[in-house]
Amino acid sequence: MNTKAKGREGGYNCVVCIKQVPDTKKVTGEAMKADGTINRAALPAIFNPEDRNALEAALRVKEMYGGTVTAIAMGLPAACAILREALMCGADKAYLVTDRKAAGSDTLATSYILSCAVRKFNPDLVFCGRQAIDGDTAQTGPQIAEKLDFAAITYLEDIEMDGDFAIATRDIGTGVEKDRVKLPALFTVTEKFGELRPYEVRRVMKYKKAKAPVENGGVALEGDFAIGQLSCDDIGAEADRCGFAGSPTNVNKIVSVVLAGGDYKEVAATDEGVKALVDELVADHTIG
Amino acid sequence: MAIDRTKGEVWVFAEQEEGKLSDVPRELLGKGRELADRLGVRLGAVLIGGEGVAGSLAAQLFEAGADVLHVIEDARLEVFRGKAYRHAFVELIKECSPQIVIFGATHMGRDLAPAVASALKCGLTADCTDLQIGDYTDKKCTCEDGSAKVVKDVLLQIRPAFGGNIIATIVNPYNWPQMATVREGVMKPLDPQPGRTGEVVRHESHLDGVEIPVEVLEIVRRHSSINLKGARIIVAGGAGVGSKENFKLLHDLADALGGAVGGSRAAVDLGYCEHERQIGQTGVTVRPALFISCGISGAVQHLAGMQDSAKIIAINTDKDAPIFKVAHYGIVGDLNVVIPKMIKAIKQKG
């Protein structure tokens, strides 16, 4: 298969933005702080599902056309766990963007900070998961692209390269569209792209000890074991556009959900019970 | 002179494809009408497309509640391309200063709205389940007498958050316009008012000299046979169904009732049913005459998409499942046992 001919000399410099998210299937009211933000420490943390698909997209481009894959995660030091996973799956480099100034960022501030980090790597292709399961907003990817003035392709299902262009297949809700996209470009990737490949055994051995300075008493490890660490200053992010200061949205009110009780009838799981229920629904013209 | 932002219009993005409106703009105009009336301002619909797109759609949008139609027609806007639409929309907002802009949380809306918000550095709340007007007390900002600052008549953007155990009200008090997306089916359209008309205002696309880095090569439309919103009866399954094979039982029950089959997010994630069947905050919102819930525990994000159904029957082995709290009839039992009994009882009636 001579696919390289359709790529280009030197391959493509790919950046993948990944996020560690609370496993929202396990959220309880106790995991919320008084200001309405989430207490992530109280929840199991996982590699956001569609960010895994985004990493797979980048690895596939590298595999077919050559180049490099850099994974970036913004978050607390604990997010290094998913950067190690990314390295074990095949990413060449991993960077943690972590800074107190980033705390409380909404999607606008988050996309600003990530756009500053991404710009540092001067990528040809940027991949993000379509959305993260903690917010489900799907906003960060398109907003990073806007800030970088990159082409943005959402709901990516497949990609091929053609020189300085990508041929992207995307879901448009009412169908499927094929686009020719000039690089540099950002893509938000859905689960339809395909699952993230498993870890490579030799990479597991190598990268399980990878650490960012913040996990290692402030000291950067040497060579392959190093996860890079970037602060807002390192990426040139202005403080008033980060964190709470850079977030136009505020959480005004949080209420725990109280499920509405109304008329409720328990029906026995027997032939008679079910038949009586069906009879009642026929009688009031709900069915029939 | 500073513009009085409280006089700004309420806008709805009137998404169209191939010159056709989907249901979403009409639904959003229903809610937009309520917000605009509450604020005492005009309700605008924003229509972007190729030459002549406003022709047949203007009347529909006025009949659905719009007072004014803002139109941008340009051959370069014939097919949706994020950057071109974003650029035109951002210029339009700068020109007219609406105070609220609402988008459908469709694929197009979720592509366009974040980019517009990013360019304007304003907030955007995704997948709102309700929108209201109210006052916001900013505790971080105090007036000279020491009391907290109150911002009048802001858009309260209400959405379930963090797994759905919480309903959050989000506000964007300062960086206007206030922007939100709303899922299909969440808001109710007004009854069309035939003959109702309004003002058409045409605007420039401002695309000259703007490089658009995307060329659309091909579009293959999918004509889905799944129509949950239009179904009178819905049988929906969750993780408790246990397997894709067991889901066939739900289809059998739906067939017996002449209904449609839906699923919770868990069922979709587990591959038991197609994505198009997902009911809930991030799927479709439905209000059928009868909703039969099978093996769905009832995460609030799911309940947000079905709790307004006229009658709800819940079948679940867990007697403490939250779904029973919104159900009218509860059957604590194994759906693999209960559904066949139900099908049998229905067929006996027929």
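Reader: Hi! What pLDDT does chain B average?
Author: Hello! This is a predicted model, and chain B averages a pLDDT of 92, with 98% of the residues scoring at least 70.

Reader: Nice. And what ipTM does the predictor give the complex?
Author: The ipTM is 0.87, and the pTM is 0.86.

Reader: How is chain B divided into domains?
Author: Domain 1 of chain B covers 5-202, and domain 2 covers 233-349. Taken over C-alpha atoms, the centres of these two domains of chain B are 33 Å apart.

Reader: Switching topic: how many residues of chain B are in contact with chain A?
Author: 69 residues of chain B are in contact with 68 residues of chain A.

Reader: Which elements of chain B give two or more residues to that side?
Author: Among them are the helices α3 (82-96), α4 (107-120) and α9 (335-349) of chain B, and the strands β13 (214-221) and β18 (329-332) of chain B.

Reader: And how do the residues on that side divide by class?
Author: The side of chain B that touches chain A has 39 nonpolar, 15 polar and 15 charged residues.

Reader: You mentioned β18(B). Which strand of chain A do bridges join to it?
Author: That would be strand β13 of chain A, residues 265-267. Three bridges join it to β18(B), and the two run parallel. In this pairing, Val267(A) stands opposite Ile331(B).

Reader: What is the order of the strands in the open sheet of six?
Author: Going across, the order is β13(A)-β18(B)-β17(B)-β16(B)-β14(B)-β15(B), with parallel pairing. The edge strands, each pairing on one side only, are β13 of chain A and β15 (260-263) of chain B. On average, neighbouring strands of this sheet are turned by 20 degrees against each other, direction ignored.

Reader: How many bridges join β16 and β17 of chain B?
Author: Five bridges join β16 (residues 290-294) of chain B to β17 (residues 311-316) of chain B, and these strands run parallel. For Ser293(B), the bridge partner in β17(B) is Ala314(B).

Definitions and conventions. Residues are numbered from 1 along each chain as its sequence is written. Chains are lettered from A and ligands numbered from 1 in the order in which they are written. This is a predicted model: local features need pLDDT of at least 70, side-chain atom pairs count only at pLDDT 80 or more; totals for chains, interfaces and linings use all residues. Domain bounds come from an automatic or database domain assignment. pLDDT is the predictor's confidence in each residue, from 0 to 100. Two residues are in contact if their C-beta atoms, placed from the backbone, lie within 7 Å. Helices (H or I, at least four residues) and strands (E, at least two) are DSSP runs, numbered from the N terminus. Ala, Val, Leu, Ile, Met, Phe, Trp, Tyr, Cys and Pro count as nonpolar, Asp, Glu, Lys and Arg as charged, and the others, Gly among them, as polar. Two strands pair if DSSP finds at least two bridges between them. Axes are lines fitted to C-alpha atoms, for helices over the stretch in contact, and angles run from 0 to 180 degrees between N-to-C directions.
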